Amino acid sequence: MLYIFDLGNVVVDIDFSRVLGVWSDLSRVPLALLKSRFQMGENFERHERGEISDEEFAANLCAELDIALSYEQFVSGWQAIFVGLRPEVITLMQQLRSRGERVVILSNTNRLHCEYWPSQYPEVQQAADKLYLSQDLGMRKPEARIYQHVLEAEGVSADEAVFFDDHPQNIEAARQLGITAVHVTDARVIPDWFAANVK
């Protein structure tokens with residue numbers, strides 16, 4: 001089997017309110033105001049596909065939020081999203097690989113985060129056979145083509161894959177292709193799924 005894991009809130013806990021909190025402190029703009037202005041729109045999606053540079057993304061987002069930050073200040077907030085590893089998931093990934101199963105990461109992410117998290121959480125790369133990252137592939141979930149790319153690259157059919165993700169639209173897109181998809185709503189979902197489904 002091929003086991004496909006999303007990264008954020010699946011293998012690594014993330015919290016976007018931490019990002020806005022740092023930017024609020026640095027810009028002196030109230031957090032509630034930033035939360036009301038923030039949306040994951042086209043700028044976000046283009047950045048995750050690698051279509052725009054980190055600097056362009058930062059400038060666009062600061063304009064959308066109407067805040068004045070240096071690029072360095074923007075980055076310091078952007079990296080605050082990461083909270084910590086889910087060690088029980090790392091352990092399961094390692095166990096799967098030791099049994100000869102194929103384990104990969106499929107993440108909507110961006111260069112800025114990929115310059116940061118591997119050094120903070122080296123366990124992730126050590127527990128995965130391969131990383132499939134949106135900005136390297138020029139496509140992002142829930143686009144069908146990104147799932148098809150992973151299946152073709154791994155040489156498996158949809159019914160030979162299990163996918164774990166925290167976003168309902170990504171889960172639905174995978175299911176429409178025939179992939180077994182598990183919606184990760186909290187830290188217990190993955191351990192409980194393996195306890196019930198994999199002996």
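Okay, look at K130 and Y132: the charged end of K130 sits over the ring of Y132, 5.3 Å from the ring's centre. Keep in mind as we go that this is a predicted model.

How many aromatic pairs does a search of the whole structure find? The search gives 19. When we talk about a pair of aromatic rings, we describe it by the distance of the centres and the angle of the planes. I'll take two pairs that share F16.

Here's one of them: F16 with F44. The centres are 6.2 Å apart and the planes make an angle of 55°, and that pair counts as tilted. Where do these two residues sit? F16 is in helix α1, residues 16–27, while F44 is in helix α3, and the two are 28 residues apart, so this pair links distant parts of the chain. Are they buried or exposed? F16 is buried, and F44 is buried too.

Now the other pair, F16 with W78. This one is edge-to-face, with 5.7 Å from centre to centre and 80° between the planes. Why does this pair tie together separate parts of the sequence? Because F16 lies in helix α1 and W78 lies in helix α5, residues 71–78, the pair joins parts that are 62 residues apart in sequence.

If you zoom out a bit, both pairs belong to a bigger group. One aromatic cluster is formed by F16, W23, F38, F44, F57, F74 and W78.

Next up, the largest pocket. It holds about 580 Å³ of space. Its lining is made of 26 residues, and the ones nearest the centre are I14, M40, E48, N108 and H167. Two elements give two or more residues to that lining: α3, which is 42–48, and α12, which is 168–176. Which element gives the largest share? That's α3, with four residues. Remember, α3 is also the helix where we found F44.

What kinds of residues line the largest pocket? By class, there are nine nonpolar, 11 polar and six charged ones. And which domains do they come from? Domain 1, covering 2–13 and 84–197, and domain 2, covering 15–82, each supply at least three residues to the lining.

Okay, on to the backbone. As a bit of background, most residues other than glycine have a negative phi, and most peptide bonds are trans. This model has some spots that go the other way, so let's visit three.

Start with R28. Its phi is near 65°, a positive value, and R28 is not a glycine. R28 lies in the loop between α1 and α2, where α2 is 31–37. R28 is exposed, because its relative accessible area is 70% and the cut-off for exposed is over 50%.

Then there's D66. Again the phi is positive, about 55°, in a residue that isn't a glycine. You'll find D66 in the loop between α4, residues 54–65, and α5. At 56% relative accessibility, D66 counts as exposed as well.

Going from K141 to P142, the bond is cis, with omega near 10°. P142 is in the loop between α10, at 134–137, and α11, at 144–154.

Take R102, in strand β4, residues 102–107. R102 is partly exposed, at 32% relative accessibility. R102 and D129 are 27 residues apart in sequence and 6.7 Å apart in space.

Then R86, in the loop between β3, residues 82–85, and α6, residues 87–98. Is R86 buried or exposed? R86 is buried, with a relative accessible area of 8%. From R86 to Y121 you go 35 residues in sequence and 10 Å in space.

Last one: E72, which is in helix α5, the helix that also has W78. E72 is exposed, with a relative accessible area of 57%.

Key
Residues are numbered from 1 along each chain as its sequence is written. This is a predicted model: local features need pLDDT of at least 70, side-chain atom pairs count only at pLDDT 80 or more; totals for chains, interfaces and linings use all residues. Side-chain values use heavy atoms; hydrogens and water are left out. On a 1 Å grid over the protein atoms alone, a cavity is a set of points where a 1.4 Å probe fits but cannot get out, and a pocket is an open set with protein on both sides within 12 Å along at least five of seven lines; lining residues have an atom within 4 Å of a point. Grid points are joined across faces, edges and corners, and a volume is the space filled by probe spheres set on the points. Ala, Val, Leu, Ile, Met, Phe, Trp, Tyr, Cys and Pro count as nonpolar, Asp, Glu, Lys and Arg as charged, and the others, Gly among them, as polar. Domain bounds come from an automatic or database domain assignment. Rings of Phe, Tyr and Trp (its six-membered ring) pair if their centres lie within 6.5 Å; planes under 30 degrees apart count as stacked, over 60 as edge-to-face and the rest as tilted. Buried means under 20% relative accessible area, exposed over 50%, partly exposed in between (1.4 Å probe, protein chains only). A charge sits over a ring if NZ of Lys or CZ of Arg is within 6 Å of the ring centre and within 35 degrees of the ring normal.
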